[in-house]
Amino acid sequence: MKHAIRTAAVLGAGTMGAQIAAHLANAGIQTLLLDIVPRELTADEERAGRTLSDRAVRDRIAQTGLDLALKAKPAAFFTAKAAALVSVGNLEDDLERAATADLVIEAIVENLDVKRDLFERIDAVLGPATVVSTNTSGIPVGKIAEGRSDGFRSRFLGIHFFNPPRYMKLVEVIATPDTDPDIVARMSEFLDERLGKGVVSAKDAPNFIANRVGTFSALHTMNVMIEDGYTPEEVDLLTGPVMGRPKVGTFRLMDLVGVDVFAHVAGNLYVNAPQDERREAFTVPATIAAMVERKLLGNKTRKGFYQKQGDEILTLDPATLEYRRKIRPRFPSVDAAKTIEDLAERVRALVFGKDRVAAFLWRVTRDTLVYAANRIPEIADDVLQVDRAIRWGFNWEMGPFELWDALGVRKSVERMRAEGLDIPVSVTKMLENGGETFYRRDEGRTQYWDFATESYVVVDDTPGVTILRDVKDRGRVVRKSAGATMIDLGDGVACIEFHSKMNAIGGDTIATLNAGAKALEDGEFAGLVIGNQGENFCVGANLMLLLLEAQEGNWDDVNLMIRAFQNVNMRLKTAPGPVVVAPFGMALGGGCEITLHAARVRAAAETYIGLVEFGVGLIPAGGGTKEVVIRAGDATAATGGDMFDAIRKAFEIVAMAKVAMSAEEARSFGFLRPADSITMNRDRLIADAKQVALGLVAEGYRPYRPRTDIPALGEGALAALKLGVYQMQQGGYISEHDAKIAGKLARIMTGGDLSHRSVVTEQYLLDLEREAFLSLCGERKTLERIQHTLKTGKPLRN
């Protein structure tokens with residue numbers, strides 16, 4: 001990229017500013033974090049004899065912001081080490097240094113005058129190539145830039161992150177008429193590729209896209225609740241996962257964001273959007289105003305729509321503003337809908353029902369859809385930008401126009417008309433011109449209805465992004481089963497895509513992996529990528545199948561299952577062409593073991609990977625235990641460290657079922673090697689993995705040969721590990737069954753029944769894995785753990 005972003009400055013070290021700085025550091029960017037200078041000393045500073053002129057005092061507010069970012073949950077940094085890239089300062093001593101960074105991001109208080117004053121000071125010392133931006137959530141960007149120099153305005157734009165910035169995909173980019181288009185393109189590329197964000201182009205309208213539509217929807221939802229007599233618990237159920245939205249629903253989200261913040265956003269819209277046909281909807285409801293007055297602000301004051309009192313969750317009665325016991329909603333239609341896996345079908349069943357659920361959802365959904373359509377082109381040029389903003393900014397599975405398609409545009413419009421609603425002209429014209437849906441598929445491409453041209457427009461391919469659905473629809477499927485598909489990515493590279501429930505590994509998955517290995521062996525393909533574009537890479541083996549076989553005592557079948565998984569992993573590892581695994585999201589248990597056997601790993605930055613079998617009473621037996629032993633030995637050989645220390649660390653990671661909470665942390669666990677690489681934007685992962693495979697082929701890939709020189713420490717190391725396990729059990733930290741599992745794991749990792757240090761083969765360790773796994777499958781407490789995990793999704797320690 002021309003004028004690449006190597007340094008950045010974030011102005012404002014509040015929660016948002018500090019976490020933006022943290023994510024810049026995650027991307028390897030040296031970042032300066034600034035805030036105001038304190039006006040008075042703290043009690044600790046007075047006791048230490050400090051003065052207001054001391055540099056540590058002057059930088060205290062920014063340092064506090066950084067410290068809080070380091071403690072944030074969920075974590076703001078990929079690893080604590082990344083914080084070394086963030087330095088702190090203040091807006092008086094360091095503004096000139098900040099103004100010469102490659103990128104400046106302002107994240108101070110949402111006050112137009114305060115922002116203008118700060119940017120006036122920056123303009124006076126601005127570097128010749130520095131890009132300046134504001135993270136405002138709703139103040140018009142053009143107003144902020146008024147009065148600034150031509151050079152400043154040409155390099156000024158809005159970059160609106162969503163909270164928490166590490167995890168929320170959306171960034172809205174807002175240009176002004178003065179912003180250089182090249183700056184907009186460069187920043188969009190930077191946000192996409194370096195920071196891993198989904199970038200949408202928003203108009204410089206009040207609260208931009210996501211907050212404009214989302215705030216209307218939330219306020220309307222609240223008003224319908226009050227008018228029609230629903231409870232907060234009922235609303236949160238109906239606006240949660242059953243409708244393809246996050247578990248927090250409406251009011252738990254308000255508690256999370258802050259009731260006062262929500263009120264401020266609504267008030268800002270009421271003032272700044274006088275032409276909005278639904279302006280009165282942005283009047284802050286009396287309930288919200290009263291909550292703000294009483295400091296019932298949500299999580300920040302531990303009281304909002306919900307309050308935790310001991311082990312009990314209390315609910316606020318909106319009418320009385322008194323807390324009462326939480327009442328679990330019971331709707332037969334919702335229970336029935338939960339059995340429908342297809343979201344579009346489930347939404348139709350709920351919205352077009354005949355009960356209180358349907359009455360509520362229809363009214364809320366209907367008005368939100370109409371409102372969203374009326375906002376084009378005010379807030380965005382097309383439906384695609386609006387849907388992406390809502391999906392990425394609020395984690396909805398469908399944006400408003402995708403939801404409208406699911407309901408049926410013509411059917412729902414006819415009902416709206418019958419109920420006296422004014423239908424947006426743009427939607428009426430679409431139906432009159434033969435457009436029945438906002439989106440359609442044609443020849444493996446997605447098209448959307450463009451209101452401006454009154455025609456369907458192809459969604460442009462993004463360079464560096466491969467969409468597997470499109471590739472499959474263009475006839476590139478090589479082999480397909482219920483659990484996995486092999487796809488021709490072109491250029492001699494195939495991809496194996498998992499698509500079973502939770503991408504769990506079953507017999508058909510293993511069969512497809514074997515087919516991929518055979519395609520490399522036969523020269524049909526030069527390289528292979530293992531990856532998919534589901535919610536998670538792979539959560540492990542099919543535990544239900546394992547449980548049924550174990551309960552029936554079909555030990556030969558269980559043995560064959562384990563052996564088949566071991567064999568396919570080794571076949572992939574020794575294949576004549578490179579196998580590149582592309583994990584993302586959860587890569588647990590067997591998903592981690594597949595990853596460990598890759599020639600290379602190209603991981604998404606947000607990869608949560610671990611060998612978690614211990615939690616269900618088992619040990620990793622698909623080659624995972626073998627692989628951590630090999631890596632411990634290799635690391636020791638490379639650094640000259642102590643082999644037992646390396647084995648002990650690896651033992652603790654497996655025995656404690658630790659999960660690395662980022663791809664960078666996975667390196668410290670040994671799950672990623674130095675040669676493995678990371679993609680910040682998950683949308684680019686498959687294409688990046690393909691390029692890794694092609695690079696290995698171009699370098700003259702040499703197949704892996706099974707190891708016969710793996711160091712095994714023998715009974716002395718085994719005794720030391722068992723002593724640690726015994727002490728943990730005696731201290732009450734682990735159960736007797738935990739100790740039994742740990743003993744079997746320790747035996748594998750030290751080489752079995754060896755009286756002294758020796759070397760062993762990979763097959764030797766695989767046999768020890770399989771032996772231990774089979775013995776644990778016969779344990780009653782292991783079966784109880786598996787049953788509990790299948791029922792609750794959580795491990796049981798018995």
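Predicted model: local features only at pLDDT ≥ 70, side-chain atom pairs only at ≥ 80, totals over all residues.
Local features were taken only where pLDDT is at least 70 and side-chain atom pairs only at pLDDT 80 or more, whereas totals for chains, interfaces and linings use all residues. Residues are numbered from 1 along each chain as its sequence is written, and side-chain values use heavy atoms, with hydrogens and water left out.

Helices and strands are DSSP runs numbered from the N terminus (H or I with at least four residues for helices, E with at least two for strands). Helix α32, residues 736-749, has 14 residues and reaches 20 Å from its first C-alpha to its last, close to the 20 Å expected at 1.5 Å a residue, where the expected span is 1.5 Å times one less than the number of residues. Of these 14 residues, 10 are buried, so α32 is largely enclosed by the rest of the structure; buried denotes under 20% relative accessible area, exposed over 50% and partly exposed in between, with a 1.4 Å probe and protein chains only. Among the buried residues are His-737, Asp-738, Leu-745 and Met-749, and the cover over the buried residues of α32 includes α27 (624-639), α28 (643-655), α31 (715-730), α33 (762-777) and α34 (780-792). Gly-751, which follows α32, has a positive phi near 100°.

Strand β17, residues 493-498, is likewise largely enclosed by the rest of the structure, because 6 of its 6 residues are buried. Val-493, Cys-495 and Glu-497 point one way from β17, while Ala-494, Ile-496 and Phe-498 point the other way. Strands are taken to pair if DSSP finds at least two bridges between them. Strand β16 (residues 484-490) runs antiparallel to β17 and is joined to it by 6 bridges, with Phe-498 as the bridge partner of Ala-484. The two strands form a hairpin with 2 residues between them, and Asp-491 in the turn has a positive phi of about 60°. With strand β18 (residues 527-530), β17 pairs in the parallel sense over 4 bridges, Leu-528 being the bridge partner of Ala-494. Together with helix α23 (residues 507-521), β17 and β18 make a right-handed β-α-β unit, in which, with the strands pointing away from the viewer, the path from the first strand over the helix to the second runs clockwise.

A cavity is a set of points on a 1 Å grid over the protein atoms alone where a 1.4 Å probe fits but cannot get out, with lining residues having an atom within 4 Å of a point. The count comes to 1 cavity of 30 Å³ or more, and about 40 Å³ of space lies in the largest cavity, which is lined by Met-243, Gly-244, Arg-245, Trp-396, Met-398 and Leu-403.

How values were computed:
Contact = heavy atoms within 4.5 Å. 1 Å grid on protein atoms, 1.4 Å probe; cavity = no way out; pocket = protein on both sides within 12 Å on 5 of 7 lines; lining within 4 Å. Points joined across faces, edges and corners; volume = space filled by probe spheres on them.
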